[in-house]
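Good morning, and thank you for joining.

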Amino acid sequence: MAADLNDLNAFLAVARAGGFRDAARQLGASPSGVSEAVRRLEAALGVRLLHRTTRSVGPTEAGARLLERLGPALGEVEAALDVVNLFRDRPAGTLRLNVPVSAARLVLPRIVPSFLAAYPEIQLEVTAEDGFVDLLGAGCDAGIRYDERLEQDMIAVPIGPRVQRYALAAAPALLRRHGMPGHPRDLLDYPCLRGRFSSGAMMVWEFERGRELVRVEPRGPLLVGIGGATDLAVEAALAGTGMIYLFEAWLQPHLDSGALLPVLEPWWQSFSGPFLYYPGRRLVPAPLRAFIDFIRAQPA
C-alpha cells in the first residue's frame, strides 16, 4: 500500500485546519488541489478519512487514528530531510512557532524583522493562541510560554525581556468619577474590565508590596477572552468604561500619552519573561537552531 507524502501532508493540513480553504492557504496550494490530494489518499488507502459537510470537515475514526500517528511521523521525516541543511552555507526552510498573543505583540516584533533579514532563506510561520498546545501534534517546531516549568522532554531558552510587570490603569475620566483607590481591595468597588483564559478560568488580579500579596477577583461591565479580545478591553479602558489589568508594555503607549493613568503602581507585580521551548528528543531543525542562536545573541 503506497501513499504519496504530499497527499499525506495535505490530509494532515485539512484535518488540523478543519477545512480545505484554510489548509490550502497554509500549503500555498489551491483548495481544489488539496481536495484532490485527499481523494487520492483515500483511494490509495481504500478508506474514508474525512467527513465532509457544507459547514465543516472533520476526521472519521480511521482519519483520527491516522492523524494521531501521522503528525509526529511527518515531523521526523522533515527533521531527517533537514539534515542536509548542515551542509549549506545558510540555513533554509520553514520555522513554525506557536505563541501566545502577548508574545506576538510584545516580544516577537523586536526579534522577527532582524532575524528574517539575517536569514532570508528561512520562512517563519507564527500561530498566536493562548492555550498550551502539543507542538508536534500541531506541526510546530517550537512555542513560547510564560512559565519555565515544562514537560520533561522540553528545552527552554529565554526570549525577550527577562522581567515584566502587570500594570493597573484607568482613564482620567474614570478616576475623576470614582477617585483613586488606596489599596487593591478597594477595586471591588470599582468597575473593572475582566479577562477569561481559553480554559474558561477567570483571571485573578494579583498585587504585591513587600511581603503582602493580595489577590482580587474584580467585577465589572465587560468580560473578554484573554488574547484575541484584549484590544477591545484596552479600547474600553481608554473610553473610561473600567480599570484594566494588563502587561505594562501593552499599556505603555497609553500611559506615556496620558490617555491612561497608572493606578496602585507600588503594588504592580513583576514576573519572569517568556521562554522559547521545543522538544529535546529530536534533531533540532536548522531554521530553529538559527533562531535559537539568534535570540541567545540578543541583549536581554
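Is Phe 247 buried or exposed? Phe 247 is buried, its relative accessible area being 9%, where buried means under 20%, exposed over 50% and partly exposed in between, with a 1.4 Å probe and protein chains only.

Please note that this is a predicted model, in which local features need pLDDT of at least 70 and side-chain atom pairs count only at pLDDT 80 or more, while totals for chains, interfaces and linings use all residues. Residues are numbered from 1 along each chain as its sequence is written, and side-chain values use heavy atoms, leaving out hydrogens and water.

Across the whole structure, a search finds eleven aromatic pairs (rings of Phe, Tyr and Trp, the last by its six-membered ring, with centres within 6.5 Å; planes under 30 degrees apart are stacked, over 60 edge-to-face, the rest tilted). Phe 247 and Phe 271 form an edge-to-face pair, at 5.7 Å centre to centre and 65° between the planes. Phe 247 belongs to strand β12 (residues 244–247) and Phe 271 to strand β14 (residues 270–272), so the pair ties together parts 24 residues apart in sequence. Strands are DSSP runs of E, at least two residues, and helices runs of H or I, at least four, numbered from the N terminus. One aromatic cluster comprises Tyr 146, Tyr 166, Trp 205, Phe 207, Tyr 245, Phe 247 and Phe 271.

I turn to the helices. Thr 230, Asp 231, Val 234 and Leu 238 in α8 meet Trp 250, Leu 251 and His 254 in α9, contact meaning heavy atoms within 4.5 Å.
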